[in-house]
Every structure is written in structure tokens, then in C-alpha cells.
Amino acid sequence: MAAAGEVTGNSTTGCQYTGSLAAMADTDAYKAQFSESCPEGAATVNTAFSGIATVNPEKNRLTITATNADETRGVAVFFARK
């Protein structure tokens, strides 16, 4: 893993994402670790995820697919550069 980077963003539903990416050797993919914080009523639900990420050829879109630790939740998160 030669390169690493931070990932942050917000969803249209009010969730916030923070985490990191680490390049996987000999591939165009990255290992992804991130936390999702979503409002739920008066509370905030925090969930940690890990998975894999890819960047499109133009390098302006990041796609992450991941699961939580016990694999009861899965997500696909799409980040776009503004």
C-alpha cells in the first residue's frame, strides 16, 4: 500500500462520511475504511464500514462498496468532485 488518502462527504439525506483509502498493490482499487453518521430522530447513528473503492478514469468520481463489521449492513457510496 503505497498511497493513502482521506475521504469526507455528505449525503443528500443528511449523513456525513469520514474515512480513509489505502491503495492496493497491483490494482486500481483501494481498501476503504469509513464512518457513517446519520441523523435518526433526535439521535445520531454512527456505523463503521470497510470495503473496496474505485476511481473512474477521469478521476472525478469515487465509488465505495462496503459492509459493517458483522456484515448486517451494506452500502454503496458515490462521491463526486465539485
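Predicted model: local features only at pLDDT ≥ 70, side-chain atom pairs only at ≥ 80, totals over all residues.
Buried residues, meaning those under 20% relative accessible area with a 1.4 Å probe and protein chains only, make up 28% of the 82 residues in the protein chain. Residues are numbered from 1 along each chain as its sequence is written, and side-chain values use heavy atoms, with hydrogens and water left out.

**Overall build**

- The protein chain has six strands and zero helices, where strands (E, at least two residues) and helices (H or I, at least four) are DSSP runs numbered from the N terminus.
- Read from the N terminus, the order of elements is β-β-β-β-β-β.
- A compact globule with 82 residues would have a radius of gyration near 12 Å, and the 13 Å of the protein chain agrees with that; the radius is taken over C-alpha atoms, and the globule rule is 2.2 Å times the number of residues to the power 0.38.
- Along the principal axes, the C-alpha atoms fill a box of roughly 45 × 30 × 15 Å.
- The accessible surface comes to about 5,700 Å², and 51% of it belongs to carbon and sulfur atoms; such areas come from the Shrake-Rupley method with a 1.4 Å probe, and for residues only the protein chains shown count as cover.
- Taking contacts (heavy atoms within 4.5 Å) between residues at least 6 apart in sequence, 19% join residues at least 24 apart.

**The nonpolar core**

- A nonpolar core is a set of buried Ala, Val, Leu, Ile, Met, Phe, Trp, Tyr and Cys residues joined through side-chain atoms within 4.5 Å, and the largest one here has 15 residues.
- L21, F34, L62, I64, V77 and F79 have the most contacts inside this core.
- At least two core residues come from each of β2 (16–23), β3 (29–40), β4 (43–55), β5 (61–68) and β6 (74–80).
- Apart from its neighbours within four places in sequence, V77 touches Y17, F34, L62, T63 and I64.

**Aromatic rings**

- Rings of Phe, Tyr and Trp (its six-membered ring) pair if their centres lie within 6.5 Å, with planes under 30 degrees apart counted as stacked, over 60 as edge-to-face and the rest as tilted; there are three aromatic pairs by this rule.
- The Y17 and F79 rings have centres 6.3 Å apart and planes at 85°, so this pair is edge-to-face.
- Y17 sits in strand β2 and F79 in strand β6, so the pair ties together parts that are 62 residues apart in sequence.
- Both Y17 and F79 are buried, and together with F34 and F49 they form one aromatic cluster.

**The disulfide**

- The structure holds one disulfide, defined as a pair of cysteine sulfur atoms within 2.5 Å.
- C15 and C38 form this bond, with their sulfur atoms 2.0 Å apart.
- C15 lies in the loop between β1 (4–10) and β2 and C38 in strand β3, so the pair ties together parts that are 23 residues apart in sequence.
- The torsion about the S-S bond of C15 and C38 is about 115°, so the disulfide is right-handed.
- C15 is buried, with a relative accessible area of 7%, and C38 also counts as buried at 13%.

**An exposed loop residue**

- A69 is found in the loop between β5 and β6, and its 84% relative accessibility makes it exposed.
- A69 and S50 are 19 residues apart in sequence, with their C-alpha atoms 7.6 Å apart in space.

Technical notes. Buried < 20%, exposed > 50% of the residue type's maximum accessible area, 1.4 Å probe, protein only.
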